[in-house]
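Reader: I would like to learn how to read a structure like this one. Please take me through a few features.

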Amino acid sequence: MGLKLQNVSKTFIGKKAVQDISFEVDKPGVFGLLGTNGAGKTTTIRMLLGIIKKDTGEITWNGKEVSRENVNFGYLPEERGVYPKTKIHDQLMYFAELKGMKKQDAEDAIKKWAKVLKVEEYIPMPAEKLSKGNQQKIQFMTSVLHNPELIVLDEPFSGLDPVNTEILKNVIIDLVKEGKYIIMSSHQMASIEEFCSDILILNKGKTVLQGNLKEIKESYKANRIEIVAEEPVDKYINNKSMQIEFSKNNEYSIKITDEKDAHQLLNKLVSNNIVVNKFEIKKPTLNDIFIEKVGEFEK
């Protein structure tokens, strides 16, 4: 049955932070919650976890009203939440015990996750000795140590280098395989596209777009071409209907307004004996869609 929000709203001092939003996560996987700064994402997260009270609407987990007692959740907030002077091991044990874990179970979980996230050497250290990225991994450990059913990740890749980003991505994939329900909020659209089958975009507390990401993208016309050629192709590009976004070493990303222009360009290249190693007509990215929908809302 999963998580369900229906007509949920929240007002702070006369300002509506969240206005009548509804969505459902009815099977294991990753649901993307997107929005500009101040759009209402964090308020929504805090309501669905029972951290703050909603004004109106209904939030249920497996058919029951959400409360700390009936939802075993893990939460990775965007803000840093480690105690700088306290040893990492002690912090993890403290949070594990708050979640009701027995001491030995907590020790076992700490060892397991420290190995998975490659932070074993930092466990005896105070948090202030760790880099921003390693502090982020410790916070992630805190959110999953107790084996939660519902996991909320707010900007999970913040501060991570490419190697650690890949480690965390693989962990998230494994969590989904284990049947976890994950809500992910991120400004990194590529990460949302990689993980999320369904999304909701908020702006100023209102829903501006929601649904299955694949279906949303399929509803749009193609808007760019990616080309890799053996020689420059600039002179074959119609500057009136095409715009070069990126060009380097005969690799191009070109914006188009009509798919016919793409086919005409390919014919030109072939007829002029240009060796083309890649020619791909692409749908808009989630970043394109996000900018368009938020821009429409601002008009």
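Author: Start with the names: helices (H or I, at least four residues) and strands (E, at least two) are DSSP runs, numbered from the N terminus. Here, helix H2 (residues 88-98) is followed by Gly100, whose phi is positive, near 85°. This is a predicted model, where local features need pLDDT of at least 70, side-chain atom pairs count only at pLDDT 80 or more, and totals for chains, interfaces and linings use all residues. Residues are numbered from 1 along each chain as its sequence is written, and side-chain values use heavy atoms, leaving out hydrogens and water.

Reader: Which residues in H2 are buried?

Author: Buried means under 20% relative accessible area, exposed over 50%, and partly exposed in between (1.4 Å probe, protein chains only). In H2, Ile88, Gln91, Leu92, Met93 and Ala96 are buried. Their cover includes helix H3 (103-116) and H4.

Reader: Where is His146, and is His146 buried or exposed?

Author: His146 sits in the loop between H4 and strand E7 (150-154). With a relative accessible area of 11%, His146 is buried.

Reader: What does His146 touch?

Author: Contact means heavy atoms within 4.5 Å. Not counting residues up to four places away in sequence, His146 touches Asn72, Phe73, Gly74, Lys99 and Met101. A polar atom of the His146 side chain lies 2.8 Å from the backbone oxygen of Phe73.

Reader: Which residues of H4 meet H5?

Author: Lys137, Phe140 and Val144 in H4 meet Asn164, Leu168, Val171 and Leu175 in H5.

Terms used:
Polar contact = N/O pair within 3.5 Å; in protein donor to acceptor, adjacent residues only side chain to side chain.
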